[in-house]
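Here is a short briefing for a reader meeting this structure for the first time. It takes a few helices and sheets in turn.

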Amino acid sequence: MKFFGSFERCLFLTVGLGMLLFAIADGDVALFFGALPVWAASWFITQGPNGKPLPRLMIGALVVAATAYTALTVLEDLEEFVPAVSRYLVWLVLIKLFDRVQPRDQAQLLVMSLFLVIGACLTSNSLGLGIALALYLPLFAWTAMLYQLHAGTVRVERSLAKLRPADRRRTRLSEGFGTIVSRDFVFTVALAGFASLFVAVVVFLITPRQSLAMAMGAWAAPAVGSETGFTEEVTLGAEGLLSESTTPVLDLRLSDNEGNDLGPDNARVHLRGAILDSYVSGAWRRTIGRGQNRSADLSGFPESPTLLAGERAPADAVIQEYSFRNKKQGAILALNRPVQISFDRPTRFRLDPTTRYLESAASGRMEIRVWSTSAPVRSRQARMPRLFDSGPIYELGQQLIADAGLPRDASMQHHPNDPAIAGLFQDYLSDSFAYSTQMTAPEIDEDPIEMFLFRTRVGHCEYFASAMAALCRSVGMDARVVTGYLASDYDEELGLYRVRESNAHAWTEVHVSQGEWQTFDPSPLLDVSVAQRPPGGVYGALLLGWEAVERLWLDHVVSFDEQSREAALGGAGVKFSDWLMGLGGETVRASMLGRRSRAVTAALRGLLAFAIALFVGLGLAYSWRGLARWRRRRRSRHAGSAAGRALQAQFSLFRELESRLRRAGFERPVWKPALEHARSLDATDEQLAQAASLLVNQHYASRFGHRAASAAQLAEGRALLQSIEARLAASRRRAADGERPPE
Amino acid sequence: MTAARRQYHASSAGLIYLLVSVFLGIGAVNSQNNLLFLAFGLALGALLVSGLVSGIMLLNLEVEREAPMPTTVGDAMLLRYRVVNRSRRIPAFALRISEARPKRGWKRRRDADDWARYFDAPETFILHLGRGRSAFVDAMTPAMARGEARLNQIRIDTRFPFGIIRKSVVFEQAARVLVRPEPIVVEGMRQLTASAFDMRNSGERPVSGRGLEYLGVREYAPGDARRMIAWRASARRGDLIVREHMTPTPERTTICLDLTQKEELHEEASLLRRSHNAHRSEDAGERAISMAAWMIQQAVRHGHDIAVEVPAAEIRTGFGTAGQPGAPVSTRWTGALLDTLARIDRTSLSGGGANARGLQKSASLIVIHDGDWSASDWPTGAIHLSAARMDALPEDQSVTSDEQVAHEGAAA
């Protein structure tokens, strides 16, 4: 406990923990490991046995450099404003650690570390951040309270320094700072801390969610972990889809219309992300839904699902509840075929009616509910262009269907053998090829699919899916590559699938009959399961434990929404919430349709007016105080007779002398007469003492003798002052060079 | 003593804190970031707790100031406080105790006896005061000016726990404290006063004491010193007899302060006065009073009985041994004389030399002027000193011309 009795140590720890918090939130390991040594070095440089701060000029130069760099960064990319400002704060904190240590500077350090933490909260919601916050906040409260004691002690010590040594010894103060960390202090810190936490929890619970959300623009909800999403292009042989990371990206709950959990019945679930139908130069791209067949723009709301293509979900629909940690802009995951969708907040999205591909610009933490059915789409669809209608892939396809006795005319869009042919290709690939997550790049002018089928015969899911789609397209069947997630890790206790980054997968959809697209996964399932299986052993157990705690954190803190609030508060909360939601929901709905509600406009204007009034009021108050001070000084300068003004001018010279002596380290003790002090300077510099004595005598003659100083005397006094300044500068130079003062 | 009022004080730190809290609230509502909701709640909670804790802490405090002792210009003014925490549950931390001044209207006007004219704001600090405990703490501040200062109120304030809000409580407790003039010696005064405070006794009184003159004999009483026994007389009588001697009579000296220059009680003067940290005798009148203070100390040191007269202020103290002729001068009398000097109000002087002829009779008369004077206004034989002209010699003095040359050389 003695360790925490030192304010300097607590401040040092608080600042370091603040930087750690931000590094965790920003995921910037380099920042942390770069800042940590500097932070540690600052203690030894400034607080060590010979510690002293860096020169002010150097401090100023570093601040200017940091400011310029941050300004350039922000100007280049405005979306990086919050992270850039937070990093700027980190640099300022590090620079400040090497600056002089006065109570005011220490308070500034404390406040800057708090701003860093606020920046961290704006950047991330991870469990690691939550744990770091749980450590930081008590330490900050402790340090802030210690600061009040420290600042008061320093203030009293400064006032005592003005006294004579004998008088200082006579003074009785209260107990020393070293004994302050007592039971009483711990009790008070705990009381203040818990009281503040109680109020925080109350505010957290009673504040309605979703009212006036995004009313001031899209402040994106901070994310947890890396972004989850799929691009509309996959290049074979290049890094992209695959990941071995076990970081959870989303949780999925499957149920039917009656609320029964469908998880145990489904070992693996293919969650569609991007649907890629065009293959050019080793890359799959999405073309469906563009050009003439454009996607439809729709809106989704929390309280009512949006029907896709005008049809309600059938009774046998599978309901998927997705809980994204950090959804990227783009594809919305769903089982084939989605018919209904709802979001946790008002969201715009696009639907391709042909493929039922869903995409949205919304990102961050999201809860999406999708209803899907396996019934086919009863509509005509344009045929896809043939791929590989000649060459080795075509020949392989023909060979396989011939060997299986499943002939097919390539000119036909559909053939009764199509499902069997697709199954044939799937089995061929899964049985005859090896699965590996190792990346292999094709040679120049070598097609990646041909490389996989005829040379390496080993690859990952993208190759397997691409090869199957290529074989199908070569025999005239419509096929496309789908990227998404393969959910296989089912948690029976929680009743949901835990989908991780390593569950990213690719498979094939084949148009087996009019309007019916079937899912085929040619990748060897056993090998895929091994590759995607979460780690075991102690590490696996720790990982599961961490994920369980993180789940609680996300559910009860990060994802605390209106429903959670109503469950926590009961009827009273529901009524209050309904009233505000009625106001907020209507307002947001109006803004979704492009019209800003009068209520929102009025609220924003009122808020702006309040802010302006507050700013102007504060400015006026401080200006008035400054003006009053200036008038008092001016009155004291110009009041009185001409003799009084001359006296004041002479007195200004004397004050200037005292000021310069003080700056040079020759401050006159309060109990020592000025003339005596001036004469005592001859131990340092005889000429300095003479000049100072002359100036003091001039001052005495003017004030005590009531003889007004003439202009010539004032000029002489100013000349004396200049010579004194020159002697003081020479003395400083000699001291810097280690020379002895002149005899 | 009653608590006058409790106050909350706004500060720039508190305003900034408020603005940041508002920003957090707006950000939380707009972004629906639950961590920001928590942060906003914590900010509100800290604000509430800051006001509540400081208020509860001050609610149970009492403070009492001990009667301040007189001090001297240039010395430290010591104010001792006793602070009691009557709460059984809440300890007190970071208490700042200081002297408060009553506000009059929207503008603070300084009265003549406002303590701010005499010393800087005294303040002290209590780190920790436990439940049901009391503590004595001292506040020291250099005394800057002579006079009688009035202390009005004691303020206890604190920013604990988070420094967001400063709360204070003011207790009414009036007191007066004297700041005596600082004894100063001008070059040449020592020589001049040596002749006035001659060590030779000028007389003795017929009271048994330690003088040289024979008083008589008496019977021996238990406790008498053996050396006082007159052995031959005792042998003749057959009983023990002791000898008695007379008590020396202290020389009487009158110190007269010829103050003719009124003090201007406006802001410029006080500004000039307060800016000179050491000696507060920044004008001739104050220097004259300071010189008189030194004189008094020297006189008592030499066993003289002193009386002080200030004709312009109608002050006449009389001698310390008045009513007790031949009694020794006590140190309490020195203090009383210095207190008299401290109480001289130079803002209401009525004129000087006109009353000079009514001075008390004494062996020596030392007149200290704050400006020029006319010899005809003063009794002959008086020693004159001028506080206005440091390099000028008094007109009527016994210093020889050689001593005068030496004095001029020392002054240069």
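The model is predicted.

**Helix H10 of chain A**

- H10(A) covers residues 418-432, which makes 15 residues.
- From first C-alpha to last, H10(A) reaches 21 Å, close to the 21 Å expected at 1.5 Å a residue.

**A helix pair in chain A**

- How do H3 and H4 of chain A pack, and at what angle? Helix H3 (residues 56-76) and helix H4 (residues 81-97) meet at about 170°, with their axes 10 Å apart.
- Angles over 145 degrees count as roughly antiparallel, so H3(A) is roughly antiparallel to H4(A).
- H3(A) brings A:Ile59, A:Leu62, A:Val63, A:Ala66, A:Thr70, A:Thr73 and A:Val74 to the contact.
- H4(A) brings A:Phe81, A:Ala84, A:Val85, A:Tyr88, A:Trp91, A:Leu92 and A:Ile95.
- By class, the contact of H3(A) with H4(A) has twelve nonpolar and two polar residues, and no charged ones.

**The four-strand sheet of chain A**

- S19 and S20 of chain A belong to an open sheet of four strands, in the order S3-S16-S19-S20. Its pairing is antiparallel.
- S3 (269-276) and S20 of chain A stand at the edges, each with a single partner strand, so one side of each has no neighbour in the sheet.
- On average, neighbouring strands of this sheet are turned by 40° against each other, direction ignored.
- S3(A) and S16(A) (residues 479-487) run antiparallel and are joined by seven bridges.
- Which residue of S16(A) is the bridge partner of A:Ile275? The partner is A:Val482.

**The three-strand sheet of chain B**

- Chain B has an open sheet of three strands in the order S2-S4-S7, with antiparallel pairing.
- S2 (61-65) and S7 (134-142) of chain B are the edge strands, and each pairs on one side only.
- Here neighbouring strands are turned by 25° against each other on average, direction ignored.
- S4(B) (residues 76-85) pairs with S7(B) over nine bridges, in the antiparallel sense.
- B:Val84 has B:Ser134 as its bridge partner in S7(B).

Technical notes:
Residues are numbered from 1 along each chain as its sequence is written. Chains are lettered from A and ligands numbered from 1 in the order in which they are written. This is a predicted model: local features need pLDDT of at least 70, side-chain atom pairs count only at pLDDT 80 or more; totals for chains, interfaces and linings use all residues. Axes are lines fitted to C-alpha atoms, for helices over the stretch in contact, and angles run from 0 to 180 degrees between N-to-C directions. Helices (H or I, at least four residues) and strands (E, at least two) are DSSP runs, numbered from the N terminus. Angles under 35 degrees count as roughly parallel, over 145 as roughly antiparallel, 65 to 115 as roughly perpendicular and the rest as oblique. Two residues are in contact if their C-beta atoms, placed from the backbone, lie within 7 Å. Ala, Val, Leu, Ile, Met, Phe, Trp, Tyr, Cys and Pro count as nonpolar, Asp, Glu, Lys and Arg as charged, and the others, Gly among them, as polar. The expected span of a helix is 1.5 Å times one less than its number of residues. Two strands pair if DSSP finds at least two bridges between them.
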